[in-house]
Amino acid sequence: MDFESKIISREISEILWETEKTVGTAESCTGGRIAEAIIAVPGASKYFKGGIISYVNEIKENLLGVDHMVLEEKTAVCEEVAVAMVKGACKALNTNYAIAATGFAGPTGGTKDIPVGTIWLACGKPEKVVTLKVTEDFGRDINLAIATNKAMEMFLQFLKDEDAPRPQREG
């Protein structure tokens, strides 16, 4: 994990510690990388409850409650599925927040309409979810690293917006 990612993980850790909130993950293409980034900070067991690797649609439906028709009509790589994954993870893991990722990391799997490199990220809580679409293809490893970092950045910003204003620490 790069230095910037560690700083983001630490900031997320501090906010979750202070607010006594919990987070979980629902990951498809990232395969646990977001969870790994969260637990990189010692003491993560206080706020990270776990993650669901929903690499196939069956798991998205059965464990996360993603609607079968949405998967059929729009595929797993769409904003609606990413949002449903956040809500489903919050419910399944009994967390305040969740972070989700679903997409085509490559080198195969893409279509004309949804090319490789398309990854939908989402984070939030059941009543408020924000999303981000990543669309560039830099090869599988870089696509996954970018998606993980963007998901962590997005979640940190969500927490800052959610809990603002918070007193700033000195130093």
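Predicted model: local features only at pLDDT ≥ 70, side-chain atom pairs only at ≥ 80, totals over all residues.
I started at Thr75, which sits in the loop between helix 4 (68-74) and helix 5 (79-93); helices here are DSSP runs of H or I with at least four residues, strands are E runs of at least two, both numbered from the N terminus. Its phi is near 75°, positive in a residue that isn't glycine. Thr75 is partly exposed at 31% relative accessible area (buried is under 20%, exposed over 50%, partly exposed in between, 1.4 Å probe, protein chains only).

Residues are numbered from 1 along each chain as its sequence is written, and side-chain values use heavy atoms, with hydrogens and water left out.

Next I checked Asn94, in the loop between helix 5 and strand 3. Phi is positive here too, near 55°, and Asn94 is exposed at 56%.

Then the cis peptide: I found it from Gly106 to Pro107, omega near 5°. Pro107 belongs to the loop between strand 3 and strand 4.

Five strands make an open, mixed sheet in the order 2-1-3-4-5 (a pair needs at least two DSSP bridges). Strand 2 (48-53) and strand 5 (128-134) are at the edges with a single partner strand each, so one side of each has no neighbour in the sheet. I looked at strand 4 (119-125) as well: it pairs antiparallel with strand 5 over seven bridges. In that pairing, Cys123 stands opposite Val130 of strand 5.
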